[in-house]
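Work through these exercises with the structure open beside you. Try each task before you read its solution.

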Amino acid sequence: MRRRDLLRLGGFGLAAGMTVLAGCTGGSPSPTPAGSAQTPTGGAERTPAPVSLTPVQSPKAPTPAARSGTITVYSGRSKSLIGPLLDRVGEELGLDVRVRYGDTAELATAILEEGERSPADLFFGQDAGALGALAKEGRLMQLPAELLERVPKPYRSPQGLWVGVSGRVRTVVYNTERVRPEEIPASILDFAGNERWRARLGWAPTNGSFQAFVTALRRLRGEETARAWLAGIKALNPQVFSKNSSIVQATIKGEIEAGFVNHYYLMRERAQAGQPLPAENYFYTNGDPGGLVNVAGIGILASSRVPDLGLRLVDYLLSEPAQRYFSEQTFEYPLLEGVPAHPDLPPLHQLNPPAIDLSDLDDLRGTLALLQEVGLL
Amino acid sequence: MRVRVSGPALEQPVVVRRQWRAPALDELVAIVIALIALGPLAYLVWRSWQGSENALAALQHPRTVTLLLRSLGLAAAVAGTSVLLALPLAWLTERVAVPGRRALAILFALPMAVPSYLMAYAVVATLGPRGALAELTGRVLGIERLPEIYGFFGAWLTLTLVTYPYVYLAVRASLRGIDPSFEDAARLLGRGRLATFWSITVPLLRPGLVSGMLLVALYVLSDFGAIAILRYPTLTYSIYNQYRLSFDRAAAAGLALLLVACTSLLVLGERQWRRRAAFFRTAGSSRPAPRARPSVWAWGLAGFGLLISGVALGLPAGVALYWWLRARRLGEVLPGVSESFVHSLGISLAAAIVTVALAFPVARAIVRGASRLTRLLDLPLWIAYSLPGIVLALALVSLSAQFLPILYQTLPLLLLGYALRFLPEAVGTVRAVLVQQSPRWEEAARTLGLRPWQAWFRIQLPLALPGALSAVLLVFLTTVKELPVTLLLSPIGFMTLATMIWNATADAYWSHAALPTLLLLGTGVIPMAFLSWWEERSVRRGREG
């Protein structure tokens, strides 16, 4: 009876599927390579961990079985970017660090939805806006001054609810064969309506970093200036991209001459190319809105049952080895005093970014409305 | 050859109801499923009630109407084009003895496994202003600017390429279930091939056709990946932005309720439209339809189908292959790919089987249901299906974190999430098959002394198996690429191919995305090949017996 065979086959398939999954998430030591955050239990339950109150860095890595506690991180930064670092944190601190990777805003919203029962102990956000949103809802814990003060003042929450871990700078990327650096206007505002740049610029109005910049522009110079700037650039018929990385690639190819981006995409292209590329970053170091420095930062949830473990993790992220990871691997700015930025970058203290409270970048509603009004969304 | 057609089945609709009462257990299961599916809807109502000011402001914003019209227009355009593509391709692979027919049948369905955001990347990479095609035409023909890919055209093209297989698979399943004696009779009575196709076959295909179209339309309504990359803002885009830009859950819920209203209208409209029709054979025995010899037209059609599916698969595969080779040259190693591959296969297979098992009682209740209410049991499922992934995912986060904390972020809950997300795909296919079964068979079995459940297991289920299997495949292929629910509801650290691709592309680590993308496209081939082999076997046996 072939129909019966098929029924049996279906049952077998289900059983097989579940067995495979059970094998993967079950108790057996997983054969996972170091790159994965595989953990032995599948549920959301946690064991309250015995904790030492002072942050201690154990000199050698204990085996997972001997790890002294479990901590859950919701990371809006992708696994490709910071997976290796978080794996190392676990080994160094003897913690079982479990990471849920996702979109920064979606994970922040999930934490809001989960309420007090949230399994997350820490939230690692791609930008200050999401951290600000959690802080405003009272979901983040006060951090000790000792941790906060390791980072320059502009790059942490004024209320001490979150702290920046790495910095990213808005720059103008330009093609060195077509553009001399002195041709770049002294303020990003002077790009608008400048015929030199007609059909030669690239931008990404749907990109989050760009929208954070527009929000900062509104805060710093007012709605009218921001609107006029957006309309002025749009009138120059720039090429529109969906990502910073594509702007950088197009600049390297010479398809456009310059574009508005974050500084590290060019660095990553260089690292992958292994040869000199005809492109450079132009940094606004004169307090111009074009030189906005935004941060990726971390906060400990008020509902966390293991806040001391969270403190140890934040402590590690703000220590020299972790900060070096950012300068060497992600090409972002380390925020810890004394850890130098990548040698190809101007040092952090020379950047002189515009003065703005990064927490204020959380309300993008007005920016969205503005972008729609100008016809960019 | 026996040719018996009973006229009434075609010309006078037979109203099937109140002749047989479905077993209570069956209906009960269906009701429970429907109630669970109402959960997210209840959440949306509660959430927008909580922040009614923001929700109302979002609904009254003048732009909302524009976005809604764009959503509906895009959905209609994609659904319409999908039919134009799918109908001839299904006919070709089912009714024409074109060489390599089985391989073609698999190939035509595979684009479904491509996530819409990947397809959008590939479309931009190839057809975009700086894409491969622009380079080629620029160099060879001296054409500097291609027609604008961003906007309606790009979104329409991308979504059509990934969704036409829904209609294609539904139509193929229905074609197989049609008694060819209807068509034979029409031919004997002097109608031409084409006239027969339009007057007999197409009307008989309507259940499959319409359920496929509904799947496509609602997929488009809920899509975010493609429309974001191709910059055609729709209502769903606005919903995502409420979360992403202003963390405004009430406004998002309000807009999502608008989407719910549209879905309900579409589903009820479809129900009304084909309410009074019967699609089963009232007498005679089943036999497979003969396959015509391929004409010039068929060859042209095969070429066209190859082009479409080649583009749909070739674009993302080509881009991924390019990055994979580049990563290999640079000696990059990405750990965890094989593990994610196993995860993807396992969870998708489990989700597919669970979903189809749940679909049976629901489909039965709709087809044979005694009351108007039972026949509407699937409406909550359609509503859950049409919600943008992130809305459903966050609703489930909220509900399960509050009411089922033990299950939160475990595999069973993830499976439930997938089932809620994709049940209509299974219900539609299973229903289309059940509709073709005459209730007389069941009645006969009952008269001969079988209990309801015995009749169900020995008559209905075996007859519905081909449809069930293609439903399993459908859900499998869509689960493999599912992202928002997987990201938020999977056990922590549980990576699948889709989440790996997302992790890599989020920060432009293209080379990390390459191998998972190739594997994701590959996972579709195995189950499709199996299904095709099994169908062929049963048809062959049918011929021999």
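**Exercise 1. Contact range and make-up of chain B**

Task: find what share of the contacts in chain B with a separation of 6 or more joins residues 24 or more positions apart.

Solution. Residues 24 or more positions apart account for 84% of those contacts in chain B. Two residues are in contact if their C-beta atoms, placed from the backbone, lie within 7 Å. Next, take the secondary structure: chain B has 24 helices and 0 strands. Helices (H or I, at least four residues) and strands (E, at least two) are DSSP runs, numbered from the N terminus. Last, burial: 57% of the 545 residues of chain B count as buried. A residue is buried if 20 or more other C-beta atoms lie within 10 Å of its own, exposed if 12 or fewer, and partly exposed in between, with C-beta atoms placed from the backbone.

A note on the model: it is predicted, so local features need pLDDT of at least 70, side-chain atom pairs count only at pLDDT 80 or more, and totals for chains, interfaces and linings use all residues. Residues are numbered from 1 along each chain as its sequence is written, while chains are lettered from A and ligands numbered from 1 in the order in which they are written.

**Exercise 2. The make-up of chain A**

Task: state how many helices and strands chain A has, and what percentage of its residues count as buried.

Solution. Chain A has 12 helices and 10 strands. Of its 377 residues, 51% count as buried. For contacts in chain A with a separation of 6 or more, 75% join residues 24 or more positions apart.

**Exercise 3. Two domains in chain A**

Task: locate the domains of chain A and describe the side of domain 1 of chain A that touches domain 2 of chain A.

Solution. 
1. Domain 1 covers 64–166 + 294–346, and domain 2 covers 168–293 + 357–374. These bounds come from an automatic or database domain assignment.
2. The C-alpha centres of the two domains of chain A lie 27 Å apart.
3. Domain 1 of chain A puts 18 residues into the contact, and domain 2 of chain A puts in 19 residues.
4. On the domain 1 side, helix H4 (128–136) and strand S9 (293–300) of chain A each supply at least two residues. H4(A) gives the most, with 5 residues.
5. By class, the domain 1 side has 9 nonpolar, 6 polar and 3 charged residues. Ala, Val, Leu, Ile, Met, Phe, Trp, Tyr, Cys and Pro count as nonpolar, Asp, Glu, Lys and Arg as charged, and the others, Gly among them, as polar.

**Exercise 4. A helix pair in chain A**

Task: work out at what angle H2(A) and H10(A) cross, and which residues meet.

Solution. Start with the axes. Those of helix H2 (residues 79–93) and helix H10 (residues 307–317) of chain A come within 11 Å and cross at roughly 115°. Axes are lines fitted to C-alpha atoms, for helices over the stretch in contact, and angles run from 0 to 180 degrees between N-to-C directions. Now list the partners. Val89(A), Glu92(A) and Leu93(A) of H2(A) meet Arg312(A), Leu313(A) and Tyr316(A) of H10(A). The contact has 4 nonpolar, no polar and 2 charged residues.

**Exercise 5. The largest nonpolar core**

Task: identify which residues touch the most other members of the largest nonpolar core.

Solution. A nonpolar core is a set of buried Ala, Val, Leu, Ile, Met, Phe, Trp, Tyr and Cys residues joined through C-beta atoms within 7 Å. This one has 297 residues, and Phe123(A), Ala359(B), Val362(B) and Val430(B) touch the most other members. Helix H15 (residues 337–368) of chain B gives the largest share, 18 residues. Both domain 1 and domain 2 of chain A contribute at least three residues each. Beyond its neighbours within four places in sequence, Val362(B) contacts Ala30(B), Ile33(B), Leu377(B), Asp378(B), Leu381(B) and Val427(B).
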